[in-house]
Each structure stands twice: as structure tokens, then as C-alpha cells.
Amino acid sequence: MVAGHQDRSRPDTPDTIAQTRAYLNDVENLLARHPTPTAFCQEMLVRHPDRLNPSPLWYGAQTLLG
């Protein structure tokens, strides 16, 4: 698997898949709490502060939780 949206300075390594799994697991766990879109995004940004583009996270939160 090769990420389409990524930091081009970082290599494609197996660790990237583990990081993506951890991110998606955090999404699933947070969604189960039924937070507001703002609370969801804030918590995800605390857990994953180095993500390149938080805009898709916000758009998804508004769609799923708004």
C-alpha cells in the first residue's frame, strides 16, 4: 500500500501502516463516545498532532457527528 496523501519527506515503511491503524482505532474509539465535532477534532489533534492536513478530519467529523 502506498499513501496518496502523505509527507513526501517520510519513507513508505511498514510502520506507516501501523500508524494508520492506530489513527483509525482512535477514530473508532472516539466516535463511540458520540462527541461533538469540535471535541472529536480536538482530541484527535492531541493524539495525532503531526498529521499533515486536519481539514479532512474536520469535514468528516461534521458529517459523522454534526
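Q: If contact means heavy atoms within 4.5 Å, with which residues is Leu-30 in contact once its neighbours within four places in sequence are left aside?

A: This is a predicted model, and the reading that follows applies to that model. Beyond its neighbours within four places in sequence, Leu-30 is in contact with Pro-35, Phe-40, Glu-43, Met-44 and Arg-47. Leu-30 itself lies in helix H1. Along the chain, Leu-30 and Cys-41 are 11 residues apart, and their C-alpha atoms are separated by 9.7 Å.

Q: Is Leu-30 buried or exposed?

A: The general idea is a cut-off: buried means under 20% relative accessible area. Leu-30 has a relative accessible area of 3%, and therefore counts as buried.

Q: At what angle do helices H2 and H3 pack?

A: Angles under 35 degrees count as roughly parallel, over 145 as roughly antiparallel, 65 to 115 as roughly perpendicular and the rest as oblique. Helix H2 (residues 37–47) and helix H3 (residues 55–65) pack at about 140 degrees, and their axes are 9 Å apart. The two helices are therefore oblique to each other. The crossing in which H2 passes H3 is right-handed.

Q: Which residues of H2 and H3 make the contact?

A: From H2, the contact is made by Pro-37, Thr-38, Phe-40, Cys-41, Met-44 and Leu-45; from H3, by Leu-57, Trp-58, Ala-61, Gln-62 and Leu-65. Sorted by class, this contact of H2 with H3 comprises nine nonpolar residues, two polar residues and no charged residues.

Q: Which residues of H3 are buried, and why do they line one face of the helix?

A: An α-helix has 3.6 residues a turn, so residues three or four places apart point the same way. In this structure, the buried residues of H3 are Leu-57, Ala-61 and Leu-65. Viewed down the axis of H3, these buried residues fall within an arc of 35 degrees, so they line one face of the helix.

Q: Against which helices do the buried residues of H3 pack, and which residues are exposed on the other side of H3?

A: The buried residues of H3 pack against helix H1 (14–31) and against H2. Pro-56, Tyr-59 and Thr-63 are exposed on the other side of H3.

Definitions and conventions. Residues numbered from 1 in each chain as written. Predicted model: local features only at pLDDT ≥ 70, side-chain atom pairs only at ≥ 80, totals over all residues. Heavy atoms only, no water. Axes fitted to C-alpha atoms, helices over the stretch in contact; angles between N-to-C directions. Helix = DSSP H or I, 4+ residues; strand = E, 2+ residues; numbered from the N terminus. Left-handed = near helix turned anticlockwise from the far one by under 90°. Contact = heavy atoms within 4.5 Å. Nonpolar A, V, L, I, M, F, W, Y, C, P; charged D, E, K, R; others polar. Buried < 20%, exposed > 50% of the residue type's maximum accessible area, 1.4 Å probe, protein only. Arc of directions from axis to C-beta.
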